[in-house]
Number of protein chains: 2
Amino acid sequence: MAAKDNDLLLERQLCFGLSVASRSVIAAYKPVLAPLRLTHPQYLVMLALWEEAPRKVKDIGAALLLEPATLSPLLKRLEAAGYVTRHRSEADERALAVDLTPAGAALREQALSVPGTMMARLGLDRQSATALHQSMMALITAAAQADSAVGSGRST
Amino acid sequence: MAAKDNDLLLERQLCFGLSVASRSVIAAYKPVLAPLRLTHPQYLVMLALWEEAPRKVKDIGAALLLEPATLSPLLKRLEAAGYVTRHRSEADERALAVDLTPAGAALREQALSVPGTMMARLGLDRQSATALHQSMMALITAAAQADSAVGSGRST
DNA sequence: GCCTGTTAGTTAGTGCACTAACTAATTGAG
DNA sequence: CTCAATTAGTTAGTGCACTAACTAACAGGC
């Protein structure tokens, strides 16, 4: 009983910490991304496109673990901002090819300073950032497995 | 140049990892919290109230690092669910005292099993959970400092 | 050439989470 | 006591992020 009561407190520092950390870090990005006219999720999409473009919506969603329903309006806002184009693929009319405009491609130069600025803002060196990244990836993997195990047999 | 290009990739694994981990873990909570009829943010508010009730809205916001504008509709939904009451404080009519209903207090018993279930789902032992928590708290602190430093003098 | 089933995106609706603007109550200065 | 400044919540509006339901386009079998 007492042990479980403590768990309820510890708990509040685990999942709770993750949520708050995520929100806090995103908030810390905000002023840095403001000159680029990007929100944090938009920034992540642009990163994906700077690595490879054009890309299909489904492709971006797979890279960022986002539903197409989330990306659809987000991409329209990026198009309205003049950073990307949205055209149906000629090969497959179902697929939507998202490509960078010259302005979107040029934005990458400004974005190059973002990681360094953020590392400094968060007081992280490359080592601790890497360690953190590994913890996050482990969590993501575990959560994905837990998710896929929902439907199947759960012992107790 | 090449170093900065790499940063742009590494970056994608840092802030990106944090966002995805947060979303993934919250998604993993969803089926566990569903029987309690709580979303994850609502669960966090209930945790705060199980620790101490009644509490004022501002108080809850300070504990969870949430704006009152975020809590206001959330608390109304918890009230509609029958878990909390919302009454203006007699001492200070501006303040809203949020208290547990019997149903809300009773829900705690069901919630006791949540932390253990989630630790198992995420493959975490108490040690790694604690380590993770410390990393998160450090990030939160750093982000808060970065945030407060925006207005003041920034060298470089 | 059709019909069935699948796949890619979009739309609708719910719920956070934030900022800005507002209302109402309290406090403090004079 | 009265008025200005502060404080606590609420409302309005924007943007994620999800599920469910829908449209359009492709793919295979017949």
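Which elements of chain A and chain B each supply at least two residues of the surface near DNA strand D? They are H3 and H5 of chain A, together with helix H2 (15-33), helix H4 (57-64) and H5 of chain B. Helices (H or I, at least four residues) and strands (E, at least two) are DSSP runs numbered from the N terminus.

This is a predicted model, in which local features need pLDDT of at least 70 and side-chain atom pairs count only at pLDDT 80 or more, while totals for chains, interfaces and linings use all residues. Residues are numbered from 1 along each chain as its sequence is written, and chains are lettered from A and ligands numbered from 1 in the order in which they are written.

A residue is near a strand if its C-beta atom, placed from the backbone, lies within 6 Å of it.

| DNA strand | Residues around it | Closest residues |
|---|---|---|
| C | 23 residues | A:Lys58, A:Ala69, A:Ser72, B:Ala69 and B:Glu93 |
| D | 23 residues | A:Thr39, A:Ala69, A:Glu93, B:Lys58 and B:Ala69 |

H5(B) gives the most to the surface near DNA strand C, with 4 residues; for DNA strand D, H5(A) gives the most, with 4 residues. The surface near DNA strand D has 9 nonpolar, 5 polar and 9 charged residues. Here Ala, Val, Leu, Ile, Met, Phe, Trp, Tyr, Cys and Pro count as nonpolar, Asp, Glu, Lys and Arg as charged, and the others, Gly among them, as polar.

The chains also touch each other: 50 residues from chain A and 50 residues from chain B take part in the contact, which is defined by C-beta atoms, placed from the backbone, within 7 Å. On the side of chain A that touches chain B, H2(A) provides the largest share, 15 residues.

How values were computed: Two residues are in contact if their C-beta atoms, placed from the backbone, lie within 7 Å.
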